[in-house]
Every structure is written in structure tokens, then in C-alpha cells.
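User: I'm new to this one, could you walk me through it?
Analyst: Gladly; here it is, and we can start with a term.

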Amino acid sequence: MKKLCMGLLVLPLLFACGTKVERLDLQENKDVSGRWNATDSQLVAQEMITDCLNSGWYNKAAARLGKEPTVIVGSVTNESMEHINTGAFVEEIQRALINSGKVTFVASQDERGQVRQERLEQDEFASEETRKAFGREVGADYMLSGTLTSIVDAQSKEAVVFYQVNMKLIDIETNQIVWNGQKQIKKYVKRSKVSW
């Protein structure tokens with residue numbers, strides 16, 4: 001009985017010793033599952049924002065407004081067949097927009113709620129000199145929103161996974177769609193055993 005208990009205690013240690021972790025360079029693309037990953041998110045965000053900001057709407061908007069357009073990212077819904085953290089993708093889009101230097105950017109609905117709560121607390125607790133006033137928020141001119149879909153064509157141990165991201169830029173005042181972008185990714189995946 002004592003040997004059996006000792007064996008059961010040692011068994012997890014043997015499995016833990018078989019784990020190997022390797023640090024990767026952040027620029028290295030390594031696709032191990034064939035599913036949507038960080039590389040896909042970064043590439044799609046950068047390409048779509050570049051296309052968006054270089055299309056015809058931008059110069060017209062900047063001329064009409066007399067300044068850089070102000071943008072907010074709305075929802076990006078996941079309509080694919082796998083769990084995808086669209087929040088991480090939205091962050092990539094926000095980063096690409098901000099770093100472009102071509103637009104000003106306002107906080108999301110959730111972030112605005114937190115900031116408004118902070119201003120309420122400042123009204124009660126902060127000094128007059130440091131208190132931030134209500135009614136001075138910058139309103140967005142345009143909202144960017146979209147969907148992410150996927151199709152899997154699988155047979156036996158092979159599959160072709162097709163992702164499509166559709167994004168629209170909407171004029172908040174008029175509801176006009178001023179830009180409609182699309183990015184597609186296709187992956188061929190071969191597995192050692194069937195798992196589709």
C-alpha cells in the first residue's frame with residue numbers, strides 16, 4: 001500500500017517533467033492548431049485599417065470637418081464556428097488606428113462608463129483645481145464595426161479553414177456607410193488524427 005501511494009505521488013511529477021516551453025520572438029509566426037490566432041488578428045487589423053485610411057472617405061471627411069476625423073470602434077461580432085476573443089482583435093484595430101496618426105480616437109462605451117464614474121467621484125472628492133468637468137467629451141464622427149466568420153471544409157485528417165472579416169465605417173450623424181472592407185485568410189491544416 002505504501003509503494004502504491006508513493007507511486008501515485010511521483011506519477012504527476014513524471015508528466016510535469018515532460019512539458020517543454022519555448023519562448024518565441026513576437027515577430028515569429030507559428031501556427032500550431034490552424035485556428036484563428038494572434039498573428040491573424042494583427043495582420044487583419046493592420047491591413048484593414050491601412051485600407052480604410054487610404055480610401056476615398058478620409059480626405060473628404062478631413063476637408064469637411066477641418067480636422068482629423070474622430071473614430072470609435074463599435075462591436076466586432078464572432079460568427080465563426082470557434083471561440084475567438086474579439087476583444088483582442090478590437091484592441092489591435094484601436095492600436096492600428098491610433099498609431100496611424102490620421103484619426104483621433106475616443107474610448108469605447110464601457111471605457112466611457114468608467115471615466116464618467118470617475119468624474120462623478122471627482123465632483124465629490126477631488127479639489128476644485130484638479131476636478132474634471134462634465135460635458136466636455138469629444139463625440140465620434142465615425143464608428144467602425146464588423147463581423148468575423150469562418151467556414152471549415154474538412155475530410156478525414158485534412159481541412160481548409162476559411163476566415164472572413166468584414167468591417168464597415170459608418171458616419172454617426174447620417175448613418176451612411178463610408179467604407180466597407182473585407183479581409184480573407186485561408187489555411188490548409190493536416191493533422192495526425194481526426195479531430196474536426
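Analyst: Helices (H or I, at least four residues) and strands (E, at least two) are DSSP runs, numbered from the N terminus. This is a predicted model, in which local features need pLDDT of at least 70 and side-chain atom pairs count only at pLDDT 80 or more, while totals for chains, interfaces and linings use all residues. Residues are numbered from 1 along each chain as its sequence is written, and side-chain values use heavy atoms, with hydrogens and water left out.

User: OK, in what order do the elements run from the N terminus on?
Analyst: The order is α-α-α-β-α-β-α-β-β-β, which comprises five helices and five strands.

User: What does Leu97 touch?
Analyst: Leaving aside residues up to four places away in sequence, Leu97 has contacts (heavy atoms within 4.5 Å) with Ile49, Leu53, Val71, Val73, Val103, Phe105 and Leu144.

User: Switching topic, how much of the chain is buried?
Analyst: Of its 196 residues, 30% count as buried.

Definitions and conventions. Buried < 20%, exposed > 50% of the residue type's maximum accessible area, 1.4 Å probe, protein only.
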